[in-house]
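Good morning, and thank you for coming.

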Amino acid sequence: MAEASPSKCPHSGTCRLYPRMKLQALLNVWKSMYCDADAYQTCERFKRSERGERVADDLLPNGVSVAEPRK
Amino acid sequence: VTALPWWLAGTLVGTVAVTYPLVTGRLVGVSGNYEQLLDLFRRRRAPAPDDEQMLRAMVAATEAQFGQQALPPTVSPSAASVKEAAEDSADDTIGRALFLLGIVAGGLLVQLRAGFPAAAWSLGNEFDVRFHGLGLAVGPLFAGCGVLIGVGTRLAGGCTSGHGISGVACGQRGSLLSAAIFWGVGLLTAQLAYLVLT
């Protein structure tokens, strides 16, 4: 049975990267290209989360990991 | 054991499941709220703008993915955006804390309705029949069960509320699979326990 997909990523409320995107204008492009579009289903964070895998904080939607410095 | 009537409890849970996302923009999830709140103490996560190294890495990755035209003229966050971000973060924390406190308050309200019966280890007559010989060992048993639940929740990326109530209602495949597994294993375990303890 086909289900209608939401146009916004349903994981945005729990995604740890999403709040960062709210902070920086430069990251809006990620939001508009992935989180707030149907393309969220191609987001590597979304896919890993759907598979039940751990999603690193520094993993970008395109699958690239940005080394986050230790605090 | 004191509990609300099933129809009232179900209606309240359903109401929360529908209204919570409208108010917060997030799906209902107890373990997620708990984890995020604890994370504040564990790592004291700061808003990203003051993390220059992370910001530079993000800029490089964004430029590599979308080209320089996707970047705004400046990558330095304005004082206003930092303040707004800090306020968003504070609101987020307060909302999560209120959600968890609400669960405790709800339980207390139900107990208040019943006149605060004395605390007991028992979960009902059937429980007493099966576990009557355990005595005080039932405490560690509960603790061990709690640890197993925590491990399962971590493995599944969510708990019974996040997957079973919100995720299933939204038709998320991961939640449907998780709910099927934990309900199925729960039923199987209960049947096995029944056979072993009878």
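Predicted model: local features only at pLDDT ≥ 70, side-chain atom pairs only at ≥ 80, totals over all residues.

A network of salt bridges links A:Glu44, A:Lys47, A:Arg48, A:Arg51 and A:Glu53. By salt bridge I mean a side-chain nitrogen of Lys or Arg within 4 Å of a carboxyl oxygen of Asp or Glu. Side chains of opposite charge can pair when their charged atoms come close.

Residues are numbered from 1 along each chain as its sequence is written, chains are lettered from A and ligands numbered from 1 in the order in which they are written, and side-chain values use heavy atoms, with hydrogens and water left out.

Let us begin with A:Glu44. A:Glu44 pairs with A:Lys47, and their closest N and O atoms are 3.7 Å apart. Both residues belong to helix H3 of chain A, residues 44-50, and they are three residues apart, about one turn of the helix. Helices here are DSSP runs (H or I, at least four residues), and strands are runs of E of at least two, numbered from the N terminus.

A:Glu44 also forms a salt bridge with A:Arg51, at 3.9 Å between the closest N and O atoms. A:Arg51 in turn meets A:Glu53, at 2.9 Å from N to O. Over all chains, the count is four salt bridges.

Are these residues buried or exposed? A:Glu44 is buried, because its relative accessible area is 16%; buried means under 20%, exposed over 50%, and partly exposed in between, with a 1.4 Å probe and protein chains only. A:Lys47 counts as partly exposed, at 33%, and so does A:Glu53, at 37%.

Now to the chains themselves. Chain A has three helices and zero strands, and buried residues make up 42% of its 71 residues. Chain B has eight helices and zero strands, and 22% of its 198 residues are buried.

Finally, the surface. Chain A has an accessible surface of about 3,900 Å², 51% of it from carbon and sulfur atoms. Chain B exposes about 13,200 Å², with 69% supplied by carbon and sulfur atoms. These areas come from the Shrake-Rupley method with a 1.4 Å probe; for residues, only the protein chains shown count as cover.
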